[in-house]
Amino acid sequence: MKLLAIVGSPRLKGNTNYLVDQALEEAATLGAETEKIVLSQYVVNPCLGHDNCASFDACQQKDDAGWILDRLCEADGVIMATPVYYYNVSAQMKTFIDRNYFLYKHGIKSRARAVGIIVVAGSEGIEDTLHTLKQFIDEPFAVKEDRIFIAYGYADKLGEAKNNRPLVEKARKLGRQMVESLKMEGVH
Ligand SMILES: Cc1cc2nc3c(=O)[nH]c(=O)nc-3n(C[C@H](O)[C@H](O)[C@H](O)COP(=O)(O)O)c2cc1C
């Protein structure tokens with residue numbers, strides 16, 4: 001069972017990364033093979049909007065989006081994680097979401113059978129951010145509603161999430177739930 005997390009926070013030791021690590025650690029304890037991709041560590045350019053994806057075998061932009069999308073398609077479970085930036089997903093996450101248009105235009109779906117969403121805000125904007133991510137996952141993922149797991153909460157300064165025990169437990173629970181639901185689907 002492969003679990004992939006795509007992280008939209010550029011703060012490597014920030015709250016989102018910490019919570020994702022907690023979820024993945026819990027999942028690994030239960031036997032999952034885990035991978036974390038922090039988008040800011042790679043080159044993922046904005047979509048160029050020519051709307052001609054279908055006429056190309058591969059996206060014409062030769063950056064890291066191509067292989068990251070391949071991993072997204074191959075994973076059994078995918079976690080999308082972002083901090084709230086101006087009441088929505090971070091720019092890194094939005095840029096990556098837009099690059100999924102290539103999959104959409106080719107009718108390609110991820111094989112993932114479970115999806116996790118982790119969102120952290122300083123104080124407000126969680127609702128719109130969750131809305132964006134829920135709308136997004138509808139397209140590349142053919143997952144049932146009860147296979148979508150969400151952990152969100154509040155933390156601001158570096159390291160704050162670590163001291164928010166209920167939030168940490170929510171993230172760990174998400175990791176657990178994803179593995180358990182995949183096992184129920186026969187994915188081991
Ligand atoms: C550019 C920017 C925009 C932000 N916008 C919001 C916002 O709209 N609402 C909010 O509650 N927090 C906002 N924050 C605070 C972050 O969501 C918060 O610090 C979060 O813990 C950052 O997560 P990270 O440590 O994983 O990077 C913003 C932070 C930055 C850097």
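Helices (H or I, at least four residues) and strands (E, at least two) are taken here as DSSP runs, numbered from the N terminus. The model is a predicted one, so local features need pLDDT of at least 70 and side-chain atom pairs count only at pLDDT 80 or more, while totals for chains, interfaces and linings use all residues. Residue numbers start from 1 along each chain as its sequence is written.

On that basis, the protein runs β-α-β-α-β-α-α-β-α-β-α along its sequence, which comes to six helices and five strands. Its radius of gyration is 16 Å, close to the 16 Å from the globule rule for 188 residues, so the protein is as compact as a globular protein of that length. The radius is taken over C-alpha atoms, and the rule is 2.2 Å times the number of residues to the power 0.38. The C-alpha trace spans about 50 × 40 × 25 Å along its principal axes.

Of the contacts with a separation of 6 or more, 80% join residues 24 or more positions apart; a contact means C-beta atoms, placed from the backbone, within 7 Å.

Turning to the ligand, 19 residues sit around it, with Ser-9, Gly-14, Thr-16, Pro-83 and Gly-122 coming nearest (a residue is near if its C-beta atom, placed from the backbone, lies within 6 Å). Both α1 (15-29) and β4 (114-121) supply at least two residues of this shell, and α1 gives the most, with three.

Definitions and conventions: Contact = placed C-beta atoms within 7 Å.
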